[in-house]
Structure formats: C-alpha cells, structure tokens
Amino acid sequence: MLSELIYVSRRSISCTDKDVEQILEASIRRNSKKGLTGVLLYSQTQFIQVLEGESDVILNLYDHIKKDKRHKNALLVSLKLIEKRYFPSWQMGSKKIGDNYEFLTQLNSQEKDVFQQLITGINTHNNTTDIVRKVFSA
Ligand SMILES: Cc1cc2nc3c(=O)[nH]c(=O)nc-3n(C[C@H](O)[C@H](O)[C@H](O)COP(=O)(O)O)c2cc1C
C-alpha cells in the first residue's frame, strides 16, 4: 500500500555538506530501485525527510536511517496511507534551508508556525506535506 512517512532529526555536528551530498547521491540511486520518492530538507542542524512508497519498503529503510550516525534523535512525525505521491518525479529531492525559519517568506504566518512545530517533531497540521512541498518548491 502506498504510504508516506515524515520524520525530523538533528544533523550530527560531524555531518558535513559533503556527507549530505553523499547521502543524497546514494539515496537517489537506491530509492529508484525500490520505487521510493520524496524530499530531504536540511539545515545546518536539522533534517526533515518525506518518504513515499510501499509501506514495508519505507519502514525497512526508516529502520536503517534511524541508526545512521550522520544524524540523531529521529522522530516520526507522520505515517499514513496516501492515494498519490506528492513528489512522483523525485527519487530524493533536496533543499538546504536556513536555521531561521521565520525568513521562509513563501509561508504565511500560520504555516510558519506549523513548520516551526514540525521541525521540533510536533505535528499539529493534518497536511504537513503541503507545507514541506511549499518550502521545497520555493
Ligand atoms: C538524513 C538521512 C536521510 C537518508 N535518506 C536515505 C534515503 O532516502 N534512501 C536511502 O537508501 N538511504 C538514505 N539514507 C542512508 C541510510 O541511512 C543508509 O546509510 C543507507 O540506506 C545504506 O544502508 P546500509 O549500509 O545499511 O545498507 C539517509 C541517511 C540520512 C542520515
């Protein structure tokens, strides 16, 4: 069944931009073989990742990702069935974001609050993916 998983995590201090590049290169290669799509938003201190695909494939990967030393404190924000993918053409899209989310001008003030909560692992909105997509495509 097609599902979507969203988690947030703290980027390890030792995780350089080069490391993130390597994560992305490997993810694009591996995800395309597994029918996975999604995006990774990252700042100097955090990651937010959306993964879309078959639930067992996603959960299996998430188990690996959680143990990856390039980040810590992975927190599941949302796991649900979806009818269609938000990011069908992205094996793993990516975007670097600043650590001051108040400057995300593409979000209105309510969306900024939701994004701010999301990044701390709180999910109060019933469609967090819309906000992630807005930040990604801005
Ligand atoms: C923030 C973050 C996101 C990641 N996203 C993916 C991903 O989308 N797909 C993937 O195959 N590996 C991803 N990885 C890498 C996995 O943690 C892991 O290194 C990779 O799947 C290889 O696992 P293995 O060496 O146990 O086979 C990510 C790692 C981090 C830290």
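**Reading strands, a helix face and a ligand shell**

Me: In this predicted model, which residue of strand E3 is the bridge partner of Tyr-42?

Reply: The partner of Tyr-42 in E3 is Phe-47, and strand E2 (residues 37-42) is joined to E3 by 6 bridges, the two strands running antiparallel.

Me: In what order do the strands of the open sheet lie, and which are the edge strands?

Reply: The 5 strands follow the order E4-E1-E3-E2-E5, with mixed pairing; E4 and strand E5 (93-96) are the edge strands, each pairing on one side only. If direction is ignored, neighbouring strands of this sheet are turned by 15 degrees against each other on average.

Me: Which residues are closest to the ligand, and which element gives the most to the shell around it?

Reply: The ligand is surrounded by 15 residues, the closest being Ser-27, Arg-30, Ile-65, Asp-68 and Arg-70. Helix H1 (17-34), strand E3 (46-54) and helix H2 (55-66) each give two or more residues to this shell, and H1 gives the most, with 5 residues. By type, the shell divides into 7 nonpolar, 5 polar and 3 charged residues.

Notes
Residues numbered from 1 in each chain as written. Predicted model: local features only at pLDDT ≥ 70, side-chain atom pairs only at ≥ 80, totals over all residues. Near = placed C-beta within 6 Å. Helix = DSSP H or I, 4+ residues; strand = E, 2+ residues; numbered from the N terminus. Nonpolar A, V, L, I, M, F, W, Y, C, P; charged D, E, K, R; others polar. Pairing = 2+ DSSP bridges. Axes fitted to C-alpha atoms, helices over the stretch in contact; angles between N-to-C directions.
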